[in-house]
Amino acid sequence: MANCVLSDAILVNQYISGNEVALSHLIDRHKSKIYGFIYSKVQDKDVANDIFQDAFIKVIHTLKTNKYNEEGKFLPWVIRISHNLIVDSYRKSNKMPMQRDKEEYSVFDYMVDSSPNIENFLISNQIELDVKRLIDMLPEDQREVINLRIYDDLSFKEIADLTGVSINTALGRMRYALLNLRKNIEKNQIILND
């Protein structure tokens, strides 16, 4: 019952201090959101389960080695770990199987250069830098909502809970953030497409 009112930060500190049950409370509290996030990206139960377990292995390792920087953002941190593991999983699964040349086929029949050309790469990098710079120009509360919603894929209810404001305030901050981004794009004459 007590774990319902304890914040993530307190549970993290309790776990670091040796209370193993605190981690199970954290997992129970966030497992549906984290697993749902993973599954929505990979669309495969087995892969989602593996990534979920790997994420918490990384969480445990980071906490046990005192490398976690507590900023009251446990869930977004675990979501970020999960996202990185999903990307790693895609990279591993997209590696080309080992083939040897035979008369019927050549390994070159399977090779496709899908990498973007240097021009597209530079344009994409510039757009990403411009967007980050525009987001950095926003007031802190608007920047936080944008990052939690867009980059951490949290719902407005989760953002409200995490930041300690009402859902309407979180929605309002997002609205003002988008308006300010549009103004800054026009003011700085930034083109965000390739």
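## Pockets and helix packing

The largest pocket is lined by 14 residues, and those nearest its centre are His 30, Leu 75, Glu 158, Asp 161 and Leu 162. Keep in mind that this is a predicted model. The volume of that largest pocket comes to about 320 Å³. Where does its lining come from? Three helices, α2 (20–42), α4 (74–93) and α7 (156–163), each give at least two residues to the lining of the largest pocket. Sort that lining by class and you get six charged, four polar and four nonpolar residues.

Now for the second largest pocket, which holds about 240 Å³ of space. Its lining has 12 residues, with Glu 71, Lys 73, Pro 76, Trp 77 and Arg 80 lying nearest the centre. Here α4 and α6 (140–151) each provide at least two lining residues. By class, the lining of the second largest pocket splits into five charged, four nonpolar and three polar residues.

Start with α2: the axes of α2 and α4 are 10 Å apart, and the two helices pack at an angle of about 35°. The crossing of α2 past α4 is right-handed. On the α2 side, the contact is made by Leu 26, His 30, Lys 33, Ile 34, Phe 37, Ile 38, Lys 41 and Val 42, and on the α4 side by Phe 74, Leu 75, Val 78, Ile 79, Ser 82, His 83, Ile 86 and Tyr 90. That contact of α2 with α4 counts 11 nonpolar residues, three polar and two charged.

Next comes α3 (residues 45–64), whose axis comes within 9 Å of that of α4, crossing at roughly 125°. That angle makes α3 oblique to α4. The α3–α4 crossing is a right-handed one. From α3, Val 47, Ile 51, Asp 54, Ala 55, Phe 56, Lys 58, Val 59, Thr 62 and Leu 63 meet Phe 74, Trp 77, Val 78, Ile 81, Ser 82, Leu 85, Ile 86 and Ser 89 of α4. By class, the contact of α3 with α4 has 12 nonpolar, three polar and two charged residues. Trp 77, one of the α4 residues in this contact, is also listed among those nearest the centre of the second largest pocket.

That leaves α6 and α7. How do their axes cross? They come within 10 Å and cross at roughly 135°, so α6 and α7 are oblique to each other. In passing α7, α6 makes a right-handed crossing. The α6 residues Glu 144, Val 145, Leu 148 and Arg 149 meet Phe 156, Ile 159, Leu 162 and Thr 163 in α7. The contact of α6 with α7 is made up of five nonpolar, two charged and one polar residue.

How values were computed. Residues numbered from 1 in each chain as written. Predicted model: local features only at pLDDT ≥ 70, side-chain atom pairs only at ≥ 80, totals over all residues. Heavy atoms only, no water. 1 Å grid on protein atoms, 1.4 Å probe; cavity = no way out; pocket = protein on both sides within 12 Å on 5 of 7 lines; lining within 4 Å. Points joined across faces, edges and corners; volume = space filled by probe spheres on them. Helix = DSSP H or I, 4+ residues; strand = E, 2+ residues; numbered from the N terminus. Nonpolar A, V, L, I, M, F, W, Y, C, P; charged D, E, K, R; others polar. Axes fitted to C-alpha atoms, helices over the stretch in contact; angles between N-to-C directions. Parallel < 35°, antiparallel > 145°, perpendicular 65-115°, else oblique. Left-handed = near helix turned anticlockwise from the far one by under 90°. Contact = heavy atoms within 4.5 Å.
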